[in-house]
Amino acid sequence: CESPPPKPTQSDTSKKDKDRKWSRDEVDQLHKALIKFPAGTGSRWDRIAEFIGSRSAPECQRKCSELKNNFAADAAGMSVNAEAEFARAKAEAAKGHGARSGSGKKVSGTSVNTV
């Protein structure tokens, strides 16, 4: 006789939930729920999770925070994607913005007088 496999612990379950990708429909439902249950609503996150049906209250809170952070970064003209941000910075540097010319003289921000 084999013993049944151990039941997943709370941390195992929350890790799986955290890693599970949100569908477009779930994000749309979250948006609707945030409008339906504004800040100050009693048991807000439990009600939002119940409205969505496929996510827990902590998952909804995490996703809301993630979306808010991404929106703030986009509004500020920042990329939340490190690779894209690095590529953008590299392209700016290649254009010579604030760089030195081939002669080693600063080419932006000040004038260069040669005698």
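Trainee: Which secondary-structure elements does the protein have, and in what order do they run?
Mentor: The model is predicted. The protein has zero strands and five helices. From the N terminus on, the order is therefore given by the helices, which are numbered from that end, and the elements run α-α-α-α-α.

Trainee: Are α2 and α3 parallel or oblique to each other?
Mentor: Two packed helices are described by the angle between their axes and the distance between the axes. For α2 (residues 24-36) and α3 (residues 44-52) the axes lie 9 Å apart, and the angle is about 140 degrees. An angle has to be over 145 degrees to count as roughly antiparallel. The pair α2 and α3 is therefore oblique.

Trainee: What is the handedness of the crossing of α2 and α3, and how many charged residues does their contact have?
Mentor: The crossing in which α2 passes α3 is right-handed. From α2 the contact takes Glu26, Gln29, Leu30, Lys32, Ala33, Leu34 and Lys36, and from α3 it takes Arg44, Trp45, Ile48, Phe51 and Ile52. By class, the contact of α2 with α3 has seven nonpolar residues and one polar, and its charged residues number four.

Trainee: Which element gives the largest share of the largest nonpolar core?
Mentor: The largest nonpolar core has twelve residues, among them Trp22, Val27, Phe37, Ala49 and Ala57. The elements giving two or more residues to this core are α2, α3 and α4 (57-75). The largest share is four residues, and it comes from α3.

Trainee: Which residues does Leu30 touch, leaving out those up to four places away in sequence?
Mentor: Leu30 belongs to the largest nonpolar core and is also part of the contact of α2 with α3. With residues up to four places away in sequence left out, Leu30 touches Trp22, Ile48, Ile52, Cys60, Lys63, Cys64 and Leu67.

Trainee: Is Ser43 buried or exposed?
Mentor: Ser43 is in the loop between α2 and α3. Its phi is near 50 degrees, a positive value in a residue other than glycine. The cut-off for exposed is over 50% relative accessible area. Ser43 has 51% relative accessibility and therefore counts as exposed.

How values were computed
Residues are numbered from 1 along each chain as its sequence is written. This is a predicted model: local features need pLDDT of at least 70, side-chain atom pairs count only at pLDDT 80 or more; totals for chains, interfaces and linings use all residues. Side-chain values use heavy atoms; hydrogens and water are left out. Axes are lines fitted to C-alpha atoms, for helices over the stretch in contact, and angles run from 0 to 180 degrees between N-to-C directions. Angles under 35 degrees count as roughly parallel, over 145 as roughly antiparallel, 65 to 115 as roughly perpendicular and the rest as oblique. A crossing is left-handed if the near helix is turned anticlockwise from the far one by less than a right angle, and right-handed if clockwise. Contact means heavy atoms within 4.5 Å. Ala, Val, Leu, Ile, Met, Phe, Trp, Tyr, Cys and Pro count as nonpolar, Asp, Glu, Lys and Arg as charged, and the others, Gly among them, as polar. A nonpolar core is a set of buried Ala, Val, Leu, Ile, Met, Phe, Trp, Tyr and Cys residues joined through side-chain atoms within 4.5 Å. Buried means under 20% relative accessible area, exposed over 50%, partly exposed in between (1.4 Å probe, protein chains only).
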